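Student: I would like to learn how to read a protein model. Could we go through it one feature at a time?

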Amino acid sequence: MTELVGLADVQAARELLAGVTRTTPLEPSRPLSAALGGPVWLKCENLQRAGSYKVRGAYVRISRLSPAERDRGVVAASAGNHAQGVALAAGLVGTHATVFMPVNAPLPKVAATKGYGASVELVGNTVDEALVAAQTYAERTGAVFIHPFDHADVIAGQGTVALEILEQCPDVKTIVTGVGGGGLISGMAVAAKALRPDVRVIGVQAASAAAFPPSLKAGEPVRLPSFSTIADGIAVGRPGELTFTHVRKLVDEIVTVSEEDISRALLMLLERGKQVVEPAGAVGVAALLAGVVEGVRTPVVAVLSGGNIDPLLMLRVIEHGLAAAGRYLRVTVRCTDRPGQLASLLSEIAEHRANVVDVEHQRANPHLRLGEVEVALSVETRGVEHSDTLISALRASGYQVVFAAES
């Protein structure tokens, strides 16, 4: 049987991390507290060194290497956060890091990893493919492979997040965090269940990249045939052997959220919480907003596990989140092609206090009848109800709304 990490391991890891990592703040969330009817707190690991909790486990693992191992250097594979954690930890310990990242890894994460002194190799389309390349490199060169989640030292390091939560919120009843390979939730569950067995530990995965539910059902780690999500930090196709054992024995529940749920959560965190969070770091909040966790007991702590988001992705996510929240409407209208018709259409939209962002006026569509024009509009609204009211009003005024959707 696989031996579980123990509370003593997590406490020892915390001693190693003293003066290296930050005790990140616990911030209240008024919107979530109102929605759940009790206190909800955000554990801001997005404010951790290197922008995520990953440096905790990476430093514990690398700091325990022998001098001979440090001389050979370390190698890792990551979509970004583990890469930065390993690069930072390697520099602090005094060894060199080589990191394999998927070719589509966010450019800011690649640049930050190099900035911490690591050599970066772009390989494959997924973290799993990068992992294979990193392991091959380790075998060829003798570099020590630093697994992103499936190692006792890494799990112990990540578990220090829970020690801080229990001190900052002694009466916590529920802890919610994102899950990729399972390192963070494994370590947190070890600490939480040892010190407070009554605390409910909930893991959240993106529905389109959720390897734990089928694995738990099968009783062993199962590899997903394919997966894709905006939450690249938790896009892992197969749980680790060690993390799977921890999750199966210690974690109360694994739930999933949609891409729309994640977008809404990111928008809420930015607007109401003033927190810059990457998609993977927002899935815990997404689960609470979407109501996919049943019987939530407060106080709740949701972990914002990372804040390393590509600004270009942030722009797309904000637009997607606005659309998912019913505040950004794309609508296509067909009407007669006569002078003043476009002005009349825009005036009607203005009367309903919706703001037009852009307009595309098209006559050369083969699907249009003679004397008919198609107008594609992007409109800012105040929510789903406002969007529905606007569409109904346009139809009542004789406009043919051939397409109306949030995207």
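Student: Does A34 count as buried or exposed?

Tutor: Keep in mind that this is a predicted model. A residue counts as exposed when its relative accessible area is over 50%. A34 has 63% relative accessibility, so it counts as exposed. Its place is in helix α2, residues 30–36.

Student: Where is T24, in a helix or in a loop?

Tutor: T24 sits in the loop between α1 (7–17) and β1 (26–28). For burial, the cut-off is under 20% relative accessible area. T24 counts as buried because its relative accessibility is 1%. Leaving out residues up to four places away in sequence, T24 touches K43, C44, E45, L47, Q48, R56, E164 and Q168.

Student: Why does H246 count as buried?

Tutor: The burial cut-off applies again. H246 has a relative accessible area of 0%, so it is buried. H246 lies in helix α11, residues 241–250. Its contacts, not counting residues up to four places away in sequence, include E3, L4, V5 and I155. S186, V190 and V251 are also among the residues that H246 touches.

Student: Which residues touch the most other members in the largest nonpolar core?

Tutor: That core has 58 residues, and I62, V74, V86 and M188 touch the most other members. A second, separate core has 32 residues, including A206, V255, L266 and L304.

Student: What does V74 touch?

Tutor: Beyond residues up to four places away in sequence, V74 touches a list that includes I62, L65, V86 and A90. Also among them are T95, H96, A97 and T98, along with A143, V144 and I146.

Student: At what angle do helix α3 and helix α8 pack?

Tutor: For a helix pair, read the angle and the distance between axes. Helix α3 (residues 54–63) and helix α8 (residues 152–168) pack at about 135°, with axes 7 Å apart. That angle makes α3 oblique to α8. The crossing of α3 past α8 is right-handed.

Student: Which residues of α3 and α8 meet?

Tutor: From α3 come K54, R56, G57, V60 and R61, and from α8 come D153, V154, G157, Q158, T160, V161 and E164. By class, this contact has three nonpolar, four polar and five charged residues.

Note on methods: Residues are numbered from 1 along each chain as its sequence is written. This is a predicted model: local features need pLDDT of at least 70, side-chain atom pairs count only at pLDDT 80 or more; totals for chains, interfaces and linings use all residues. Side-chain values use heavy atoms; hydrogens and water are left out. Helices (H or I, at least four residues) and strands (E, at least two) are DSSP runs, numbered from the N terminus. Buried means under 20% relative accessible area, exposed over 50%, partly exposed in between (1.4 Å probe, protein chains only). Contact means heavy atoms within 4.5 Å. A nonpolar core is a set of buried Ala, Val, Leu, Ile, Met, Phe, Trp, Tyr and Cys residues joined through side-chain atoms within 4.5 Å. Axes are lines fitted to C-alpha atoms, for helices over the stretch in contact, and angles run from 0 to 180 degrees between N-to-C directions. Angles under 35 degrees count as roughly parallel, over 145 as roughly antiparallel, 65 to 115 as roughly perpendicular and the rest as oblique. A crossing is left-handed if the near helix is turned anticlockwise from the far one by less than a right angle, and right-handed if clockwise. Ala, Val, Leu, Ile, Met, Phe, Trp, Tyr, Cys and Pro count as nonpolar, Asp, Glu, Lys and Arg as charged, and the others, Gly among them, as polar.
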